[in-house]
Protein chains: 2
Amino acid sequence: MDSAAVSVNGDRLRSRLEALARIGADPRGGVSRFSFTPAHTEAVRLVGGWMREAGLTPTIDGAGNLIGRGVPASSNGAYPAIAAGSHLDSVPMGGMFDGALGVLAAVECAQAMRDAGASWTRPFVSIAFADEEGNQFGVGCLTSRFFVGDLSDEHMKTIKDAEGRALRDRVAAWESVWPREQAPPLAAYFELHVEQGPKLEAEGLDGAVATAIAGMSRATITYRGHANHAGTTPMTLRKDALWGASAFVLAMRRLALYTGGDAVATVGKLDVEPGATNVVPGLARLRIELRSGREELLEQLRGAAEIQARGIGMEYELHVEVSEWTHSPVVPIDVSMQSMALAHAARRGARVVRMPSWAGHDAKIFAPRMPTALLFVPSKGGISHHPHEWTDWKHVTQGAQWLLDMVTALARNLSDG
Amino acid sequence: MDSAAVSVNGDRLRSRLEALARIGADPRGGVSRFSFTPAHTEAVRLVGGWMREAGLTPTIDGAGNLIGRGVPASSNGAYPAIAAGSHLDSVPMGGMFDGALGVLAAVECAQAMRDAGASWTRPFVSIAFADEEGNQFGVGCLTSRFFVGDLSDEHMKTIKDAEGRALRDRVAAWESVWPREQAPPLAAYFELHVEQGPKLEAEGLDGAVATAIAGMSRATITYRGHANHAGTTPMTLRKDALWGASAFVLAMRRLALYTGGDAVATVGKLDVEPGATNVVPGLARLRIELRSGREELLEQLRGAAEIQARGIGMEYELHVEVSEWTHSPVVPIDVSMQSMALAHAARRGARVVRMPSWAGHDAKIFAPRMPTALLFVPSKGGISHHPHEWTDWKHVTQGAQWLLDMVTALARNLSDG
């Protein structure tokens with residue numbers, strides 16, 4: 001049977017997403033499922049069970065990642081596997097799709113293949129990473145970093161949560177849930193995720209394939225003027241630090257708008273001192289964050305932001321300090337995987353585009369190491385990390401089918417090659 | 001002897017200002033002399049002694065104001081008195097001139113008259129108000145309000161400081177320092193004060209006479225947008241509350257600048273929520289303060305500020321809330337007293353101008369009730385409420401002479417009339 005004809009079961013995927021959302025449901029709304037908490041353990045048990053139903057063998061790796069291993073009927077079992085997945089943990093009062101969609105869509109791929117009696121031509125594994133959000137140990141994508149070998153077993157032994165509990169002990173507790181086994185080598189990684197932004201819905205699109213994980217640059221800008229009496233100091237003699245900060249906020253908006261969607265700029269923090277109604281602000285300190293999927297644009301924007309910061313300082317006669325920039329470079333994503341994703345979406349009549357991923361995901365860890373595809377489906381109103389996070393079931397099913405089509409096509413290509 | 005020929009003694013005034021500054025000197029710098037503290041008691045004892053040297057009789061009124069009473073040699077002792085003074089208390093780490101200058105210049109007027117053998121044609125009193133800054137009891141100009149009868153004895157009994165100590169008990173403790181006596185009725189009030197702003201120094205002027213005590217209007221402006229992911233939310237779809245607040249800050253600056261010095265506008269407080277580097281601000285709340293010496297201008301500015309606030313909200317697609325305005329009306333100052341002040345300054349060759357008082361003073365309490373003059377001398381760099389507060393000794397002497405010239409001229413005018 002041609003695996004390209006295999007269809008995912010949208011109803012099953014929906015009922016499993018709903019069942020998973022009940023595990024760690026927060027009485028205040030949404031899902032609070034933090035890594036290695038009892039809710040997480042319960043989720044690992046439940047999802048591992050579904051993996052087994054789908055013909056996969058659930059195992060736990062050294063970082064607590066749940067890995068459902070499948071071995072093809074053919075003799076290709078020794079080949080590196082094709083993987084699909086995402087993470088099981090959530091932010092506090094998070095949504096029911098962030099992470100969960102990618103995990104259960106990957107399980108659905110295996111389940112649909114099994115139901116159809118189709119066989120894999122390459123080993124397939126579905127992965128439920130233990131800790132992507134970084135709530136417990138303070139490191140984003142912690143357990144996918146371990147998966148690819150970025151963090152040694154030795155290093156993992158030193159990792160503790162805020163209450164001093166070692167990650168290692170938390171993982172050990174799961175050996176009674178599913179057997180402990182080292183993760184297999186991978187040939188490619190696929191992740192289906194909700195967009196977490198409003199672009200796809202606003203443009204009436206069905207999905208997007210990531211061209212890159214956006215790079216990010218951050219700096220602190222401090223304007224210093226003179227704190228002074230808000231009555232006796234004439235406007236023309238003021239050195240009001242907030243004037244500088246305000247002009248900078250608006251300048252960054254214009255700068256980012258002018259990139260036509262290729263970059264964003266955010267001032268999310270702004271503090272004013274002394275912060276009294278009747279005192280002219282003597283100091284205003286803000287944090288600027290720039291993101292773009294294009295490294296050279298990010299570099300240009302850093303330069304432009306710095307020129308703006310200093311020029312505004314001269315205009316308002318303020319002293320300006322620009323801190324060192326912290327920088328996470330753009331992570332490019334394999335172009336042939338992007339083309340393949342576009343082609344498969346087109347074959348199903350889905351309207352998808354290429355765009356950078358503006359947020360980090362486990363795929364960010366895989367993209368520099370192997371062919372990786374990061375697929376997005378629309379988020380209603382762009383809302384995410386919030387109880388109102390929502391993706392229409394039509395897009396959930398469509399996204400899972402897109403994932404299945406790509407995974408099976410790649411399995412076939414690799415086997416043919 | 002013509003009292004117009006009497007000269008103040010600048011050296012004496014300087015040495016007394018320096019002696020007073022040592023009482024309540026703060027080890028961190030400047031003067032921290034709060035009402036009814038031991039430092040204040042010591043200051044009352046010292047200044048009362050100087051009053052006595054100057055031929056005045058020191059007394060304490062029901063609010064702890066130190067009043068040096070003089071009775072003229074002539075039969076006019078029953079007439080209402082001409083008063084000059086200011087306050088003895090300071091802000092934390094305040095300057096040595098704020099309040100102290102007006103108190104000691106008034107004492108110097110009496111001392112200079114006595115030294116010259118000149119006699120008053122009307123009763124003269126010098127006043128050292130106990131609490132103007134409002135540090136202890138939370139009310140500005142508290143004891144001058146009592147002086148003019150705004151606060152009854154009954155009301156005064158209820159006034160307590162932050163530690164629950166009654167003002168009444170504090171005042172009672174001073175009966176052993178100087179006799180308790182009700183303040184005499186006044187015909188006019190004079191106050192010499194440091195400008196506390198940079199205008200006089202910047203324009204090379206020797207002084208200013210207040211045309212009014214500036215009125216003040218305050219409101220809270222709240223911009224609400226949508227808190228959102230700082231990566232995944234495209235610039236064109238953001239509802240960034242800080243954009244609105246920043247535009248408002250700059251609009252208020254332009255609005256106030258455009259009055260050409262007739263008004264000031266300050267945003268001294270600005271809070272952003274949620275206030276995280278990677279979240280688009282969903283809320284920005286700021287406090288706007290407008291001041292002007294012209295009531296109708298203040299009203300226009302309130303209207304203009306509200307239009308700006310709402311227009312900016314529409315421009316950036318934000319919800320805007322403007323709170324109720326709190327408003328202290330402009331307190332006008334007797335025009336003939338202003339003219340008289342200008343004439344006397346001109347006679348001595350001093351370069352003075354008319355301008356509103358941008359800060360409140362004890363004179364604000366007297367101006368609606370009797371002929372009042374509020375005279376300013378320059379503040380170095382406009383610095384006040386700070387250890388670096390400074391006024392050149394030349395201007396101190398010149399200011400005291402200006403005060404003496406006006407007080408004696410008015411005494412003569414009133415006696416003639």
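A salt bridge is a side-chain nitrogen of Lys or Arg within 4 Å of a carboxyl oxygen of Asp or Glu. By that rule, the count between domain 1 of chain A and domain 2 of chain A is 0, and the count between chain A and chain B is also 0. The model is predicted: local features need pLDDT of at least 70 and side-chain atom pairs pLDDT 80 or more, while totals for chains, interfaces and linings use all residues. Residues are numbered from 1 along each chain as its sequence is written, chains are lettered from A in the order in which they are written, and side-chain values use heavy atoms, without hydrogens or water.

**Domains of chain A**

- Chain A is assigned domain 1 (3-213 + 330-413) and domain 2 (215-328), with bounds from an automatic or database domain assignment.
- Domain 1 of chain A gives 6 residues to the contact and domain 2 of chain A gives 12, where contact means heavy atoms within 4.5 Å.
- The C-alpha centres of these two domains of chain A are 38 Å apart.
- About 570 Å² is buried between domain 1 and domain 2 of chain A, 59% of it from carbon and sulfur atoms; buried area is the accessible area (1.4 Å probe) that two parts lose on being put together, summed over both.
- On the side of domain 1 of chain A that touches domain 2, the residues are 6 nonpolar, no polar and no charged; nonpolar means Ala, Val, Leu, Ile, Met, Phe, Trp, Tyr, Cys and Pro, charged means Asp, Glu, Lys and Arg, and the others, Gly among them, are polar.

**Interface of chains A and B**

- In this interface, 50 residues of chain A are in contact with 50 residues of chain B.
- Chain A and chain B bury about 4,200 Å² between them, with 65% on carbon and sulfur atoms.
- By class, the side of chain A that touches chain B has 26 nonpolar, 15 polar and 9 charged residues.
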